[in-house]
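Hello,

Here is the structure you asked to look at. Please open it first, then read the notes below it.

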Protein chains: 2
Amino acid sequence: MREYSGLLTDLYELTMAAGYFQTGFDGRATFELFIRQLPAHRNYLVVAGLEQALDFLEHVDFNAEEIEYLRRHPIFAKIRSDFFDYLRKFRFSGDVWAMPEGTIAFPGEPVMRVTAPIAEAQLLETYLLATLSYSTMIASKAARIYTAAQGRQVVDFSARRAHGAAASLLCARASVVGGCTGTSNTLAGELYGVDTYGTQAHSWIMAHENESEAFGHFLDTFPAGATLLVDTYNVRNAVNTIIAMDRKPAGIRLDSGDLCADSRWARHKLDRAGWKDVKIFASGDLDEYKIASLLRRGARIDAFGVGTALGAPGDAPHLNLIYKLVEVERRGEIREAAKFSSAKVTYPGRKQVLRYSNSRGEYVNDRIALEDEPRNGGEPLLIQVMRDGRRIGPNEPLAALRDRCVASLRHLPKKYLQLARSAKYSVSYSRRLKQMLEQVRRRVQHSAVK
Amino acid sequence: MREYSGLLTDLYELTMAAGYFQTGFDGRATFELFIRQLPAHRNYLVVAGLEQALDFLEHVDFNAEEIEYLRRHPIFAKIRSDFFDYLRKFRFSGDVWAMPEGTIAFPGEPVMRVTAPIAEAQLLETYLLATLSYSTMIASKAARIYTAAQGRQVVDFSARRAHGAAASLLCARASVVGGCTGTSNTLAGELYGVDTYGTQAHSWIMAHENESEAFGHFLDTFPAGATLLVDTYNVRNAVNTIIAMDRKPAGIRLDSGDLCADSRWARHKLDRAGWKDVKIFASGDLDEYKIASLLRRGARIDAFGVGTALGAPGDAPHLNLIYKLVEVERRGEIREAAKFSSAKVTYPGRKQVLRYSNSRGEYVNDRIALEDEPRNGGEPLLIQVMRDGRRIGPNEPLAALRDRCVASLRHLPKKYLQLARSAKYSVSYSRRLKQMLEQVRRRVQHSAVK
């Protein structure tokens with residue numbers, strides 16, 4: 001796959017681009033990305049994926065084979081050949097505002113705003129939605145797991161459960177944005193500089209004559225950093241074997257069975273052996289609910305590995321970000337756009353999100369306003385990140401994104417951090433936005449009747 | 001991301017590989033990939049992702065930067081430098097048997113079997129699991145949607161809902177293996193040669209003065225192939241507008257509202273206008289349940305676009321394929337391996353899956369046997385696809401994979417095709433396998449007591 005291929009899009013983006021091109025519709029349009037409703041079990045989102053989105057915007061183009069593919073596509077049979085010349089020279093030239101990664105966001109709030117010639121802005125919809133939806137979904141899940149672990153390490157173990165290898169990299173990165181300490185994903189370690197962790201699998205134990213040989217060989221290889229997997233046959237026998245060998249490992253890992261009882265028993269045994277610094281690592285279909293329950297019941301676990309629940313969260317398996325036209329320029333005139341199907345109103349106009357905190361720094365409410373409205377002490381969450389198709393400033397280090405998320409979680413009132421659905425965080429629309437919505441409604445009704 | 005990077009793996013695969021290398025454990029091992037249990041709502045799986053898996057096995061290696069990354073990793077601080085020489089020359093040299101893509105599979109049945117020097121076979125676990133799990137999950141979902149659509153076209157619309165752009169390509173491909181007709185994903189069209197479909201978005205309508213201008217411009221651009229989106233403001237007004245324009249489109253698309261009532265109403269109106277060949281396309285959060293219900297209630301829909309349900313299926317959001325050691329050679333001796341934690345028995349030995357059909361060609365039952373057992377008329381499902389790290393034969397065309405799936409669905413007794421959970425398809429283990437399991441159990445118990 002060519003990473004920055006312009007064909008990474010739904011065909012309808014290209015048919016619409018051809019339509020705009022061929023009918024001479026070249027005004028600038030503004031689209032905003034947001035979600036209408038939180039998924040079940042979520043009280044907030046943690047924004048992630050911006051770096052990948054901007055990389056794409058900065059590099060996307062069409063190569064000769066891709067243009068040839070489109071030329072031969074039956075749907076483009078009657079398209080004028082200057083459209084293909086347009087694609088040959090295609091570069092994104094627009095402006096982008098976005099919430100920095102690690103920011104907490106709520107429904108209705110634009111997490112990104114794109115202003116560009118309408119065909120360009122339209123073409124990039126599919127990629128932006130895919131990238132921001134997935135990373136934001138994972139960072140939001142990771143923040144819940146981070147919260148449930150109460151300061152203990154959480155490591156992303158989802159490489160085998162994510163939706164293919166490329167998704168596993170995005171997942172590892174977004175997990176760290178949301179508060180994880182690191183990942184088992186080695187390439188994510190190399191690419192993003194996150195810490196990587198690795199122990200051993202059941203197959204290592206099974207391939208050896210018995211556990212003492214398996215443990216011994218691993219300790220021979222990693223005298224300082226061996227975490228030994230103790231649940232292949234029987235946890236207690238395995239821990240006794242290790243203690244009897246009198247070779248202290250860095251840690252042990254429990255991957256099945258009664259993690260609460262086994263961790264308490266193992267902690268006691270390890271302490272009695274004088275091995276208070278041997279860490280107990282737990283994994284095996286864990287998620288925020290199981291981690292919270294384990295800690296509530298007194299499990300003695302130092303770090304958690306979380307796989308499936310991070311890579312493909314079962315309780316909220318998709319995040320339906322949408323990309324809506326809010327303003328379009330045509331024949332020199334700016335016109336706001338909105339949508340009015342029954343329960344699905346989309347507010348028009350270029351927006352800013354303002355966050356208000358109390359004197360203790362706690363978030364109190366957000367207000368969605370037009371971009372030029374007075375802020376009245378609110379913190380603007382959308383920052384310009386791209387001008388004329390070029391990034392403004394370098395990428396932030398991943399550690400800074402994680403710090404932003406962790407700090408934001410501290411500013412969020414406790415009730416929103418619970419795992420169950422809480423009352424909604426207050427998000428309102430400004431009076432000017434509401435007035436603009438009504439103006440657009442009247443105009444659309446008028447033209448529909450025409 | 002480097003597509004065939006050896007770092008696309010969990011770090012523990014690399015620590016184990018280092019352990020095998022450094023302790024001189026170089027025997028050949030056999031691992032098998034299978035699932036223990038079907039996800040909720042599934043009666044069968046459709047295998048997919050083999051081509052991607054074999055591509056990776058044939059090309060995986062470590063480049064200089066990747067080796068340098070590992071060298072500097074704290075966990076490898078004490079590893080002998082000849083391990084890094086080993087990685088520098090690393091190529092997969094093993095043999096692989098697999099079920100061809102489009103084959104129907106059941107729990108316990110190996111969908112792939114890998115035999116290679118143990119460190120190699122271990123290193124590739126993560127990638128094989130990620131790739132085969134995801135594609136098989138999607139093809140299995142697609143087959144349900146294909147079945148529910150009763151011969152009508154189903155098009156993958158998930159590009160924006162899949163877990164990032166790379167996952168969207170795998171999803172488009174696996175959707176076609178499972179019976180979809182094509183995809184909206186343009187790059188998937190170019191890469192895999194599948195048909196791509198595109199209409200127009202609500203933003204196209206909203207950007208224009210009114211619907212008649214929007215429809216007119218699209219018809220000007222695509223006189224032969226325009227499918228017009230009619231639900232932006234009001235479906236019936238939009239259909240009336242199109243008919244009043246007297247410019248016949250190729251189709252109309254409904255994306256919200258009462259798809260059953262609106263499609264029936266629109267069919268009637270289009271037919272009365274003499275436009276019996278104008279197709280009605282439906283989309284908007286569809287899945288196999290909604291499609292079945294629409295058709296049961298008499299909806300007049302010719303084709304379905306399915307997005308989220310294909311890219312990130314909510315009813316079974318992950319498929320937990322596992323990769324288990326079943327045999328290992330050491331010091332010239334072959335030893336079968338099995339696992340015996342409480343409810344999680346893994347059968348030892350290199351296996352074959354035999355499928356038995358009745359005289360009408362209907363599948364009756366499967367038997368999992370050792371690879372050299374007599375077949376007694378059963379069809380062997382595992383085929384050798386790789387020898388000494390090289391593929392045997394070229395990739396099959398995607399259309400052939402889809403044909404295999406569609407034919408297999410016809411051979412599957414009707415009760416397994418229902419959307420709800422049915423009785424289990426009969427899969428048994430051969431007597432020799434059961435005997436071998438007991439032998440291994442005795443040996444493991446003996447060595448555990450030692």
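The domain bounds used here come from an automatic or database domain assignment. The model itself is predicted. In chain A, domain 1 is made of two stretches, 11–138 and 316–449, while domain 2 covers 199–282. How far apart do the C-alpha centres of domain 1 and domain 2 of chain A lie? They are 49 Å apart.

Next, one helix of chain A. Helix H2 of chain A runs over residues 50–59, and seven of its 10 residues are buried, so the helix is mostly covered. The buried ones are Leu50(A), Glu51(A), Gln52(A), Ala53(A), Leu54(A), Phe56(A) and Leu57(A). Among the elements of chain A that cover these residues are the helices H6 (125–148) and H7 (165–177). The cover also includes three strands of chain A: S3 (95–98), S20 (383–387) and S21 (390–391).

Now the two chains together. In the contact between them, 87 residues of chain B meet 87 residues of chain A. On the chain B side, helix H1 (residues 11–22) gives the most, with eight residues. Sorted by class, that side of chain B has 42 nonpolar, 34 polar and 11 charged residues.

Regards

Technical notes:
Residues are numbered from 1 along each chain as its sequence is written. Chains are lettered from A and ligands numbered from 1 in the order in which they are written. This is a predicted model: local features need pLDDT of at least 70, side-chain atom pairs count only at pLDDT 80 or more; totals for chains, interfaces and linings use all residues. Two residues are in contact if their C-beta atoms, placed from the backbone, lie within 7 Å. Helices (H or I, at least four residues) and strands (E, at least two) are DSSP runs, numbered from the N terminus. Ala, Val, Leu, Ile, Met, Phe, Trp, Tyr, Cys and Pro count as nonpolar, Asp, Glu, Lys and Arg as charged, and the others, Gly among them, as polar. A residue is buried if 20 or more other C-beta atoms lie within 10 Å of its own, exposed if 12 or fewer, and partly exposed in between; C-beta atoms are placed from the backbone.
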